[in-house]
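Hi,

Here's the structure I said I'd pass along. Have a look at it first, and my notes follow below.

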Amino acid sequence: MVAIRHVTGYAATGAAVLALALAGCGGGGGGSSGSGTSTPKKSGSTQSGTTGSATSTLTTAKVAKLGTVVTDGKGYVLYRFDTDSVNPTRVSCYDTCAALWPAATTTAKSAVTTKGIDKSLVSTVKRNDGTTQITLAGWPLYRYAKDDEPKEPYGQGVDGTWWAVTPSGAKITTPVATSSTPAPATTSPGAGGGY
């Protein structure tokens, strides 16, 4: 009888642990980036990881409201971060920042090819984790983890410090609406009616 109680107790404890683990795996996470703009919550993102993924091609693409931007070989928009610096090139996005903004990395500077971008502007910088990050005109390049599709610029203007990059390495400061939800209707004072 005592042995049965122990087994039953272990089974109940195991079931409780399993239920808690499953509850922790299911949900959300989307949320705001802290910039005051909402970002669509999507599933199936292919752009994640703390150090990015190696890319061998920098190319250009036309993106609505931004114009011509630099993308990786799969068409994902690349960004620069105002907190980084050039002369000398300095990377400042690590840890939690790098989880949301994975570095555009490569195996070596010589492995990077360009289409529509002056190759002389492309270089690399070593990150503190040992990976090699691609730079353009001295600026380290990043992807945005919430850009789920090529040419999505949801990272544009986040926190007033993240910007899509032109083929010359300049930042594009044109704002882009990052929410697919329309703004609520407004009425002038004294006008009857609501939404």
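Let's start at Val69: apart from its neighbours within four places in sequence, Val69 is in contact with Thr59, Thr60, Ala61, Val63, Val77, Ala164, Val165 and Ile172. Bear in mind that this is a predicted model.

Val69 also turns up in the largest nonpolar core, which has 18 residues. Val69 is among those with the most contacts inside that core, along with Leu66, Tyr79, Trp101, Tyr142, Trp162 and Ala164. Two elements give two or more residues to this core: β3 (79–81) and β9 (162–164). There's a second, separate core as well, with 11 residues, including Val70, Ile117, Leu136 and Leu141.

Now for the strands. There's an open sheet of 3 strands, in the order β2-β1-β5 and with mixed pairing. β2 (67–72) and β5 (113–114) are the edge strands, each pairing on one side only.

β1 (residues 57–63) pairs with β5 in the parallel sense over 2 bridges. Thr57 has Thr113 as its bridge partner in β5, and Leu58 has Thr114. With β2, the pairing of β1 is antiparallel and runs over 6 bridges; Val63, for one, stands opposite Gly67. The hairpin of β1 and β2 has 3 residues between the strands, and Lys65 takes a positive phi there, near 70 degrees.

And is β1 enclosed or open? 5 of its 7 residues are buried, so β1 is largely enclosed by the rest of the structure.

Cheers

Key. Residues are numbered from 1 along each chain as its sequence is written. This is a predicted model: local features need pLDDT of at least 70, side-chain atom pairs count only at pLDDT 80 or more; totals for chains, interfaces and linings use all residues. Side-chain values use heavy atoms; hydrogens and water are left out. A nonpolar core is a set of buried Ala, Val, Leu, Ile, Met, Phe, Trp, Tyr and Cys residues joined through side-chain atoms within 4.5 Å. Buried means under 20% relative accessible area, exposed over 50%, partly exposed in between (1.4 Å probe, protein chains only). Helices (H or I, at least four residues) and strands (E, at least two) are DSSP runs, numbered from the N terminus. Contact means heavy atoms within 4.5 Å. Two strands pair if DSSP finds at least two bridges between them.
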